[in-house]
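Notes below, in the order I took them.

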Amino acid sequence: MLSSRTLLLRNADRLVTMDDDGAEIEGGALLARDGWIEQVGPTCDLPDTADEVIDCGGLVVIPGLVNTHHHFFQTLTRAMAQDAELFDWLVELYPVWSNLTPEHVRVSTVTALSELALSGCTTAFDHHYFWPNGSKFEDQVQAGRKVGIRFHVSRGSMSVGRSQGGLPPDEWVEDEDAILADCTRVVSRYHDPSPGAMVQVVISPCSPFTVSPDLMRQSAALARSLGVRLHTHLAETLDEEDYCQELFGMRPMQYAETVDWMGPDVWFAHAVHVSERDIAVMAATKTGVGHCPTSNMRLASGAAPLMRYLETGVPVGLGVDGSASNDSSHMLAEARQALLAARLARALEGSKAPMLTARQALRVATRGGAEVLGRTDIGSIEAGKAADIACFRTDGLPMAGAYDPVAALVLSGPYRANRLIVHGRNVVVDGQLVGLDLEPHLEDHRRLSRLLVS
């Protein structure tokens, strides 16, 4: 009989559970066994021994952050197309991205996951939607294992090129039957539906201006037959709204309804330009949103109605979006942007409604993201949940003078995780990645970036 392994975190300055009551425990502790939390409470109420004991004095402990939208390959092209809106930005960058190789995909995947992990992220979704020069789904899966955080991998796609009225180059598009066949293949081979899964697959056509309505419908039917989730970009810009009106005779969210893309297994990236009716439909169907405030501001796309989503019960998680439109992958920084953007929108509307609080923003970044990804096993520190934990120092320069360390995680910073634990395993210790020598990796990343851009 195999023996179990226990992990004890104790003496946390503040342990933030994100449970239904929003409990926070001074001098908090948790005990996990084989990656699953068994007990949570004051240190004096828990055992004082385990196979691994971590003293969390001087640390604030929170559930691992959950990223719901990214484009890992864009870490290779940061700070480009600096002053363009989305469509012009894409047209400028498409020729550069056409040179991606399998090595580019693998190395950028490790870079993005490393950056996320060091910001406190324990679960990440990446929306990869084209496969040039022999790159393939497996390149991401294999590379992602090097970092050690949970990885939701998209089998993304494009099927409508420029000659057919779409935006991407014709050489990027794939045959729709081939797309659906490969979706079936990768789900069968890589998707793990079990609690605690480290890899899950999401079927993710890119956007209304890159795939056909027929592929959207068939993707939805296929995903539901296979029991996996659906993701796409939607309602990001007014240009997209004009495109949908011209081609489909309706706005983006109405279009999504007509192609069977509403329901608790669906979430949209951005969802900036929506009507009250759209919000009501999303709330009624529990269709989720990957909220990307930094990218929306960087590309002058607009501000998603975060407060209306939360008020009406639309599931919302945070996404850092691509590193060419953010231009980083820092989840706590994204929570701060979400708070600031929501408060700015409130002021511009002349509203007197309550402001989005720091703890609400942190909840969107943890439990909100877990709900959007369909995960009931992560997102909070509670008995029965996976031991996905992020710890941040309270004695450093960013926390100086901060009487509320939880709010300071969002309002101050930036912060690097002091320790990151995924399913009971150390991924970051003393602010450094475990099992990955970052400097040689970054040298490879810089070399590949130079080759790509040149």
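Helices here are DSSP runs (H or I, at least four residues), numbered from the N terminus. I'm working with a predicted model, where local features need pLDDT of at least 70 and side-chain atom pairs count only at pLDDT 80 or more, while totals for chains, interfaces and linings use all residues. Residues are numbered from 1 along each chain as its sequence is written, and side-chain values use heavy atoms, with hydrogens and water left out.

**Pocket.** I took a pocket as an open set of points on a 1 Å grid over the protein atoms alone, with protein on both sides within 12 Å along at least five of seven lines; lining residues have an atom within 4 Å of a point. Helix H10 (306–312) and helix H12 (358–372) each put at least two residues into the lining of the largest pocket, and H12 gives the most, seven. Of the 20 lining residues, I noted Val316, Arg363, Arg367, Gly368 and Glu371 as nearest the centre.

**Cavities.** A cavity is a set of grid points where a 1.4 Å probe fits but cannot get out. How many cavities of 30 Å³ or more does a search of the whole structure find? I got two.

The largest cavity is lined by 20 residues, with His71, Leu86, Leu90, Tyr129 and His233 nearest its centre. Helix H1 (residues 86–97) supplies the largest share of that lining, four residues.

For the second largest cavity, I listed His291, Ala303, Ala304, Leu306, Ala338, Ala341, Ala342 and Ala345 as the lining. Helix H11 (residues 331–349) gives the most there, with four residues.

Note on methods. Points joined across faces, edges and corners; volume = space filled by probe spheres on them.
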